[in-house]
Amino acid sequence: MVSFENDYITGAHPEILKKLSQTNLEQLPGYGTDRYCESAKEKIKTACGCENAEIEFLTGGTQTNEVIISTILKDYEGVIAASTGHINTHEAGAIEYTGHKVIELPHKEGKLSSDTLRTYLEDFYADRSHEHMVIPGMVYLSYPTEYGTLYSKKELEEIAEICHEYKMTLYMDGARLGYGLMSRCSDMTLKDIARICDVFYIGGTKVGALCGEAVVFTRGNRPAHLVNSLKKRGALLAKGRLTGIQFDTLFTDDLYFKISAQAIDMAEKMKEIFTRKGFKFYLDSPTNQQFIILENNYMEELQQKVRFSFWEKADDTHSVARFATCWSTTEEDLKELEKILD
């Protein structure tokens, strides 16, 4: 059965498996102190145009969000996010589990606007009782958003300006960062992200790696004693080589960007197929996640032939379904999808 269920349905890019196999018997120090981790960090710094950046490798997105948010925030602070933000919906309350509140704000197609953010902060600090409330200490954004939409450079800069004005950290969840940067509608580069954000991560799990995310601290703001905090939270990988080798490979010869562009090409062709067949889109996503409105009975029938995700209810008789391409999606996959839709 062909699957567009998510963007981590397959294992790892062949070049990564090849490198893992080639280095398998090398005896290397642990906890990310090996030469492959160091090499990967240097390549990422160069790609970010930020030679003073500090890099940390973790194994998964939820773990990364939980660790980074909880180590940066003070104990009286919370994190602002769009109501659709991943930390507010599909991470099982991981942030609240650390003692930090997710402060949800309204969104438009998954995006938090600078106007909404500023209004909230002005109202918050105008309240004479705000010392009795959770103090906003960070803004969390996803790029792409959970709806596959993108912040423009201008939008991101406006949010960053507010964050700096209120002395808050701007943190970007980049689980699908490659797919956002390689979108035909993106006006940002990795260097722009590194320039604007205080901390962000480059997603590997959904972009060609077996697992792994690369956190980039851009302002000399890596939390003190982070290794201690990682171990305390069960996030310190003894065989750190596993993430280092993968990111070293992804950032050799622009592999990360090439395979991300492949997923975008496949997503654009998928959009053409759905358009030709007369399907309605829930919104116009320029990235690898496409959201289609399906009649409920037809959706159940279609799920017997192709895998995709239920996203949300559209109305009493229709649902929004998500179809995702990834680095490993092929022309043959799309042909099979078109045949099924026929």
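**Helix packing, cores and backbone in a predicted model**

Q: What makes α6 and α7 roughly parallel in this predicted model?
A: Helix α6 (residues 114-126) and helix α7 (residues 153-165) pack at an angle of about 20°, with their axes 9 Å apart. Angles under 35 degrees count as roughly parallel, and α6 is therefore roughly parallel to α7. The crossing of these two helices is left-handed.

Q: Which residues of α6 and α7 meet?
A: From α6, S114, L117, R118 and L121 meet E158, I159, I162 and E165 of α7. Sorted by class, the contact of α6 with α7 has 4 nonpolar, 1 polar and 3 charged residues.

Q: Why are α12 and α14 called roughly parallel?
A: The angle at which α12 packs with helix α14 (residues 331-341) is about 15°, and their axes are 10 Å apart. Since the limit for roughly parallel is an angle under 35 degrees, α12 and α14 are therefore described in that way. The crossing in which α12 passes α14 is right-handed.

Q: What makes up the contact of α12 with α14, by residue and by class?
A: On the α12 side, M266, K269, M270, I273, F274 and R276 meet E331, L334, L337, E338 and L341 of α14. By class, this contact has 7 nonpolar, no polar and 4 charged residues.

Q: Which residues touch the most other members of the largest nonpolar core, and which helix gives the most to this core?
A: The largest nonpolar core has 59 residues, of which I44, V139, L170, F200 and I202 touch the most other members. Helix α12 (residues 255-276) gives the most to this core, with 6 residues. Another core, of 22 residues, lies apart from it and has L58, Y140, V199 and L236 among its residues.

Q: With which residues is I202 in contact, leaving aside its neighbours within four places in sequence?
A: With those neighbours left aside, the contacts of I202 include I44, L177, L190, V216, F247, F251 and Y256, and also G174 and E213.

Q: Why is D253 called exposed, whereas D254 counts as partly exposed?
A: D253 has a relative accessible area of 62%, and exposed means over 50%, so D253 is exposed. D254, at 48% relative accessibility, counts as partly exposed, because that class lies between the limits of 20% and 50%. D253 is found in the loop between α11 (241-250) and α12, and D254 is found in the loop between α11 and α12. Although not a glycine, D253 has a positive phi of about 55°, and D254, not a glycine either, has a positive phi of about 60°.

Technical notes
Residues numbered from 1 in each chain as written. Predicted model: local features only at pLDDT ≥ 70, side-chain atom pairs only at ≥ 80, totals over all residues. Heavy atoms only, no water. Core = buried A, V, L, I, M, F, W, Y, C linked by side-chain atoms within 4.5 Å. Buried < 20%, exposed > 50% of the residue type's maximum accessible area, 1.4 Å probe, protein only. Helix = DSSP H or I, 4+ residues; strand = E, 2+ residues; numbered from the N terminus. Contact = heavy atoms within 4.5 Å. Axes fitted to C-alpha atoms, helices over the stretch in contact; angles between N-to-C directions. Parallel < 35°, antiparallel > 145°, perpendicular 65-115°, else oblique. Left-handed = near helix turned anticlockwise from the far one by under 90°. Nonpolar A, V, L, I, M, F, W, Y, C, P; charged D, E, K, R; others polar.
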